[in-house]
Amino acid sequence: MENTALLEVRDLRVEFRTREGVAKAVNGVSCTVHAGQTLAVLGESGSGKSVTAQAVMGILDSPPGFVTGGQVLFQGRDLLTMGEEQRRRLRGAKLAMIFQDALSALNPVMTVGAQLAEMYQVHRGMSGKEARARAVQLMDRVRIPAAKERVNDYPHQFSGGMRQRIMIAMALALEPDLIIADEPTTALDVTVQAQVMDLLAELRREFNMGLILITHDLGVVADVADRIAVMYAGRIVETAPVHQLYEAPAHPYTRGLLDSIPRLDRKGQRLHAIKGLPPSLTAIPPGCPFNPRCPRAQDICRTDRPPLFPVAAGRTSACHFWKDTLDAR
Amino acid sequence: MPEPEQREVIGSGSGGAMSMASGEAESLKGGPLPGSADSGKARSLWSDAWHDLRRNPVFVVSALVIVFLVLIAVWPSLIASGNPLQCDLARAQDGPRPGHPFGFDAQGCDVYTRTVYGARASITVGVCATTGAALLGSVLGGLAGYYGGWWDGLLSRLADVFFGIPIILGGLVFLSVVTGASIWPVVGFIVLLGWPQIARIARSAVVTAKQHDYVQAARALGAGDARMLLRHIAPNAVAPVIVVATIALGTYIALEATLSFIGVGLRPPTVSWGIDISNASTLIRNSPHMLLWPAGALSLTVLAFIMLGDAVRDALDPKLR
Amino acid sequence: MRADGEAIGEAILEVRDLVKHFPLTRGVLFKKQVGAVRAVDGISFDLRRGETLGIVGESGCGKSTIARLLVNLERPTAGRIRYRGQDIGKLSGGALKAVRRNIQMVFQDPYTSLNPRMTVGDIIGEPFDIHPEVAPKGDRRRRVRELLDVVGLSPEHINRYPHQFSGGQRQRIGIARGLALRPEVIVADEPVSALDVSVQAQVVNLLERLQEEFDLAYVFIAHDLSVVRHISDRVAVMYLGRVVEMGTDAEIYEHPTHPYTQALLSAVPVPDPAARQRRERILLTGDVPSPANPPSGCRFRTRCWKARPKCAEVQPLLEVPSWLEEAGGPAAHPSACHFAEERGVVAGA
């Protein structure tokens, strides 16, 4: 791990202005990623994890989405104050993104080879022939069998797992320093999911990239992440190194998530479900956003919003009763 | 079995989580229905739609305009005392004057009286042709979409054939064979040309609706074809048909005018906006008032129907409530 | 032949050699068949009263087709589905309607399985409209309110529309609709996979509570092996239209003998970072072959590390392998592999 952070997000705020009102999707998110590190951002739908990624990448649909505050420092430079032209040149070259749905992220009327080659032609000014040769190399690199023949196929001619590999190839094409993967394996079958995650982890090591993995799957996180940030209602509620988080969560929401999933390796009794639903982003409860669903909630939780308390070295928790939660183990 | 200990009372908006011994509780949240409490009375889509429509100013205004137009179409003498066929060539193209607020046309007929009397033919043609085309089109298209197979193939090709007929040429041939003083040959021709458009829309809407799981769910419950079509598919497929039909209504009235213009549509002594618009179009520089009034009446009518269609479509979509 | 765990009750559903092929056609007006997708290709199982049979497999293995066959949304190409002795694939009219009362379905997607233009009261009450003999007209509204209460929703919400509910609540509405006719069997096709993690547990718990309360038998179809283990008494693992291994949850998860089951289990990410190093991962190569053109013999052989010439020639049957039966123990359960062999792959097991 290096001293300077590859990406540092400070107090990022995003809101969506819709007819129904203002939805506060991201409410002061701060996190850092170092080169060669995998940060998993864990959350349910509506937790703001994907919006955070889009704001960092600068691909937020605006309107209705607006970044209303904060800084996104990438290698020391603030992406949010940078000109759009400059930012676009960074995208793809220095930071890249992998989406959940590869079929809709790839252009259906262009061959995959042409789409890969385009990256080199646009960003590197290579000739068509040279770019095409690189495209084949790249497809080989993400282990697409018979890359030479398949370079002229269209996206729909590939299986889901293969398409996700092509997405990864596109993200890797210019050897970026940071990759953001938004639910990269959610749409895939479990045996294929394992292949793709392995590939991603291997490439991350090889290129010494930073990886932000956005997911709702506690299993995937445990498999590949170094650090975890748990999001709830647009906030990070807990950050920790992966082992410590699973061993002893310091936030009741994390605890609840871990208790509510059925385990493959043991047959339990009734699942301990978290009661209630995540709040609507247009009406986030005052105090701690988790308080209506929290078994530990006290009066203070309904009035005072907990900041991220330092819990241990490299660990934070946004719970007034983090100590009790930790000790409850 | 552990039963829920307490339930949230509706109307309080969000919050109020209920607790359940088995730990499966959910706080019941969701926007309360505007302007209505969840009372014990059963409600249906149609009663809810009517409830909404009565409070929608767009609907109220367009419905009032349409009611007014229909009234004068039936009883033009309510607001016009003159005779649209009594003309005085001496007054040809004269401007407005007391008792004749819209002026006179090229034949010296009173434009106000003719505009009022023209409503009958234009609206009858428009409404009848739209109703006919929409009924024929949605029934044929809907059945094609629902049953599929050879019936679908046959119908789609048939629709293609009708699509290919050029309007003017078709009108010339059809209306010179089927003639008569009444408006019905024109209505019949428009229905004949108009249904394939509606049928295509209806077919694709039904094919889309058919694929939804709730249709499968109804089938798994043992629902028959009639229930599936009327209760599950039709309400979810009707919106695009309504939109296309209301837009078509305007074009049908204009089509009637076109046919009248080339001399195969309505013929004098029938009075219609189409005839008057085509007569006025050559004299627009000298006497714009001749065009202005029948064209204005036509636009108002078309707009009223389109707005009505829009309001009905929105009312049938609970998501917009 | 085998100890199948505790027998819960008599078999109410018997599936024998079930086959469903979907013809592939060309041409618009004159269609001709150019092949067939062999979605389900010879499947047999029993479902006993009050038990849960889990069916797992990856996409395209035919598990959803089984669901649609069981509730008669599709007719089998061959084979039988017998509900209390009647072959439901051959019924029609009133007799089919009567059987449908007893086999109901819960769908995967809570957003498309409820008619957006019907109120919740109409959705849950529709079964009574279709089967008026179940509840007299005046009583239906009360029954609907009761059902809402049973699935943990407020009866006050009877006049709301589906879009006013969250995904988990919609799934409860779908479950209430399935329960309305008091069926004996509920076929649930991926009932929780569209839901958020914290809401999944609520719905799984609800399904378990309802099973006890109404003595339901479930066919629980899912791709999530953890959820299936949690809820199932017995588990069938499917691959390309066939069941490759079947047994109690402990037999399948702790003593798998089919290579595909082993690979599948080993690929599931376990939410325990400590197990990361301990775990032995079997990474399969390649993709699932097309069900329109499945491999000869054993269908898994193209991805199997154990494949030998015999696998391409002889189709392995789903039965207890003789060498495992002799040894006895939990590994002696039906497994369609010529070289079946126990291998524990679940960390912590």
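**A helix pair in chain A**

Modeller: Helix α4(A) crosses helix α5(A) in a right-handed way (near helix turned clockwise from the far one by less than a right angle; anticlockwise is left-handed). This is a predicted model: local features need pLDDT of at least 70, side-chain atom pairs need 80 or more, and totals for chains, interfaces and linings use all residues. Residues are numbered from 1 along each chain as written, with chains lettered from A and ligands numbered from 1 in written order.

α4(A) covers residues 112–124 and α5(A) covers 128–141 (helices are DSSP runs of H or I, at least four residues; strands are E, at least two; both are numbered from the N terminus). Their axes lie 8 Å apart, at an angle of about 120° (lines fitted to C-alpha atoms over the stretch in contact; angles run from 0 to 180 degrees between N-to-C directions).

Which residues meet? From α4(A) come G113(A), L116(A), A117(A), Y120(A) and Q121(A). α5(A) answers with G128(A), A131(A), R132(A), R134(A), A135(A) and L138(A). Contact means C-beta atoms, placed from the backbone, within 7 Å. By class, six residues here are nonpolar, three polar and two charged (nonpolar: Ala, Val, Leu, Ile, Met, Phe, Trp, Tyr, Cys, Pro; charged: Asp, Glu, Lys, Arg; polar: the others, Gly among them).

Chain A also touches chain C. There, 38 residues of chain A contact 40 residues of chain C. On the chain C side, α6 (197–214), α7 (225–231), α8 (249–254) and α9 (259–267) each supply at least two residues. α6(C) gives the most, with seven. This side of chain C holds 21 nonpolar, ten polar and nine charged residues.

Chain C itself splits into domain 1 (11–26 + 35–232) and domain 2 (256–349); the bounds come from an automatic or database assignment. Over C-alpha atoms, the domain centres in chain C are 29 Å apart. Ten residues of domain 1 of chain C contact seven of domain 2 of chain C. On the domain 1 side, β2 (32–48) and α7 of chain C each supply at least two residues. β2(C) has the largest share, five residues. That side divides into five nonpolar, three polar and two charged residues.

Now chain B. Its mean pLDDT is 76, with 85% of residues at 70 or more (pLDDT is the predictor's confidence in each residue, from 0 to 100). Residues 1–40 of chain B stay under 50. The model has 88 contacts beyond four places in sequence for that stretch of chain B.

Notes: Contact = placed C-beta atoms within 7 Å.
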